[in-house]
Amino acid sequence: MGLFTKFFIATICVAYIAVKWTTPRFDPESLKGARVLVTGASTGIGEQMAYHYARFGAKIVITARREKVLQQVAEKCLTLGAQKALYVAADMASDSDPEKVVEFAVEKLGGLDYLVLNHIGPSPFSMWEGDVEHTRWLMKVNFFSYIQMAWKALPSLEQSKGSLVVVSSLLGKVSGPFAVPYSSTKFALNGFFGSLWHELAMKKSNVSISICTLGLIDTESAMEKVKGVTNVPAYPATEAALNIIITGATRQLNLYYPWFTYLIDIVKDWSPSITSYAIQNSYNYNP
Ligand SMILES: NC(=O)c1ccc[n+]([C@@H]2O[C@H](COP(=O)([O-])OP(=O)(O)OC[C@H]3O[C@@H](n4cnc5c(N)ncnc54)[C@H](OP(=O)(O)O)[C@@H]3O)[C@@H](O)[C@H]2O)c1
């Protein structure tokens, strides 16, 4: 084995041990009775988060647009061990619903320990064809509603030494094709909540912010979009959900799931042309 290879392996090992050593330990008991609001919880990763919080014995409010589906998820949460499971139907494209949902949760739960912002509006997985109206609408759902809810919830989170958890994407760190409006909303989220994190730290706020960068996850909506278009591996929604919850509960700023999304985020700056080549060639596209 050459000197460089030995050095490279040693560096990886040291980095791994350092990360393990400095990562705070997750205590599942800390979530017993925790007051949690999860958005986009009728399906996908949000639904899986609701079930995990339920198993940990949390008090949950879930929201999305489809009331009947929310009702079923809430019922399942109760059977899994949630101390409370309430739901409220809301459209995050509306001007008033985001704040009303926070008011509902704070009132019904008597405060808030976790605000988990996870919902996304549907968006086509295709080349940008100039649909500005759709992008404006998506910004409202995927970005503006997040900042409205965060602002509304901050006083309650400040009081409870709570956590703001933002579910983002690798497409909010590294740009790629076929998801121009979606990617824009995720870059906006990372910029906003990354900056807010600094301000809260400078104000010595009690509130922690966690920004979760996810790769491809095997939810129905995502799998439907990428079918036949890419061979990038998809990771389980239930595991992604658990990782998000642990990141929030341990008050860490960043989650990268799966782990190699972190590597991609770093390498894109070291070697932009190789990264761009790899990204463009990970899709089947014949013009
Ligand atoms: N899956 C992936 O590959 C992947 C990769 C990277 C990041 N992520 C991130 O992970 C999070 C969850 O993704 P997912 O794949 O689980 O999404 P999903 O399965 O498509 O679920 C989206 C959720 O948002 C709700 N929603 C949609 N439009 C809404 C609106 N106008 N108002 C309120 N709620 C609305 C949906 O419920 P209703 O239809 O009932 O409203 C649903 O509960 C997102 O932030 C996404 O960006 C996912």
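The model is predicted, and local features are reported only at pLDDT of at least 70, side-chain atom pairs only at pLDDT 80 or more, while totals for chains, interfaces and linings use all residues. Residues are numbered from 1 along each chain as its sequence is written.

The ligand is surrounded by 28 residues, counted where the C-beta atom, placed from the backbone, lies within 6 Å of the molecule. The closest are Gly40, Gly44, Ala64, Arg65 and Ala222. At least two residues of this shell come from each of α2 (44-55), β5 (163-169) and α7 (220-226); helices (H or I, at least four residues) and strands (E, at least two) are DSSP runs numbered from the N terminus. The greatest contribution is that of α2, with 3 residues.

Helix α2 also packs against helix α8 (residues 237-249), at an angle of about 60 degrees and with the axes 8 Å apart. Axes are lines fitted to C-alpha atoms, for helices over the stretch in contact, and angles run from 0 to 180 degrees between N-to-C directions. The angle therefore makes α2 oblique to α8, a class that holds the angles left after those under 35 degrees (roughly parallel), over 145 (roughly antiparallel) and 65 to 115 (roughly perpendicular).

Asp131 is located in the loop between β4 (114-117) and α5 (132-160).
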